Amino acid sequence: MPEPALRQIRNGIAWLEKGQGEPLLLIHGVGLNAEAWEPQIAALSKTCRVIALDMPGHGASALRGAELADYVAQAAGLLDELGIAQANVVGHSMGGLVAIGLALAQPERVLRLGVLNSVYERPPDARRAVEARAAEIALSGTCGDIEQPVRRWLGEGDTPLHRQLRAWLSAMDPAAYAQAYKIFAAGDRLFSGRLGALTMPALFAAGSDDPNSTPEMAEAMAAAAPRGTAAVLAGQRHMMTLVDAEGATRLIRDLLSQPLESVQARRRFLDERR
């Protein structure tokens, strides 16, 4: 049996860590935790130092702040805590928004950026629907009907993965879930017009059958980022990182193989845009 990832908690931040090599920070989505990256941790830790964090109020991390910037600060703080000056950063769903936020706030720190199943400039109907769900969750004082997100993410069924997602969502602190969902509901507009500042190799990926984090969103983000590429996994929905773990891991490996520009070149690029 391979050694499991080591779970650590420090200063209110919890994370899983495994492997040696170039650092890779993984950031999960709303209602999940670092364990949602288990297939990627197992595969990518053979060549990388993989760090999968629990977002604020998720898993074993303390709840802090109420803005996306607070989640970005947590991710940056963990890298500081671990003495990591530069890392590859990959986020899933809301974790993708955190990853973009970190790449924009500290561009010289993010070697390569991966954004899987995230959101960007939702159509008006979709925006109203997700904002209504966020308001309903906040008013209810609960995590709401957890069957709804499980069906959106996986479709109908009662597989072991359905049951695992239900267990993770059921274990969430309702206040933490409501806070994160509110941020995610508004997050599709936060980076409109700003992705041109992403100078690092960037992957934006989606599942072909994801009705909310759509292939069109991934393609639009890739078109806006100077070194962006888009990828779509056929037949996949929101949780393609677990349902098609090999396919999602292959996309991340492809990203990690992309050549880097020097820090000096990035600085010149940013200076020229100012």
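Student: Which helices are included in what covers the buried residues of α5?

Tutor: This is a predicted model, in which local features need pLDDT of at least 70 and side-chain atom pairs count only at pLDDT 80 or more, whereas totals for chains, interfaces and linings use all residues. Residues are numbered from 1 along each chain as its sequence is written, and side-chain values use heavy atoms, with hydrogens and water left out. In α5 (147-154), the buried residues (under 20% relative accessible area; exposed is over 50%, partly exposed in between; 1.4 Å probe, protein chains only) are P149, V150, R152, W153 and L154. What covers them includes α4 (124-140), α6 (160-170), α7 (174-186) and α9 (240-243).

Student: Which residue takes a positive phi just after α5?

Tutor: Helix α5 covers residues 147-154. Just after α5, a positive phi of about 90° is found at G155.

Student: How many helices and strands does the protein chain have?

Tutor: Both kinds of element are DSSP runs numbered from the N terminus (helices: H or I, at least four residues; strands: E, at least two). On that basis the count for the protein chain is eleven helices and eight strands.

Student: Which residues have the most contacts inside the largest nonpolar core?

Tutor: A nonpolar core is a set of buried Ala, Val, Leu, Ile, Met, Phe, Trp, Tyr and Cys residues joined through side-chain atoms within 4.5 Å. The largest has 68 residues. A second, separate core of 22 residues includes L24, L116, L251 and L255. In the largest core, the residues with the most contacts (heavy atoms within 4.5 Å) are L25, L113 and F204.

Student: Where is S93 found, and is S93 buried or exposed?

Tutor: S93 is in the loop between β5 (87-92) and α3 (94-105). Leaving aside neighbours within four places in sequence, S93 is in contact with G29, L116, N117, S118, F184 and H238. The relative accessible area of S93 is 5%, so S93 counts as buried.
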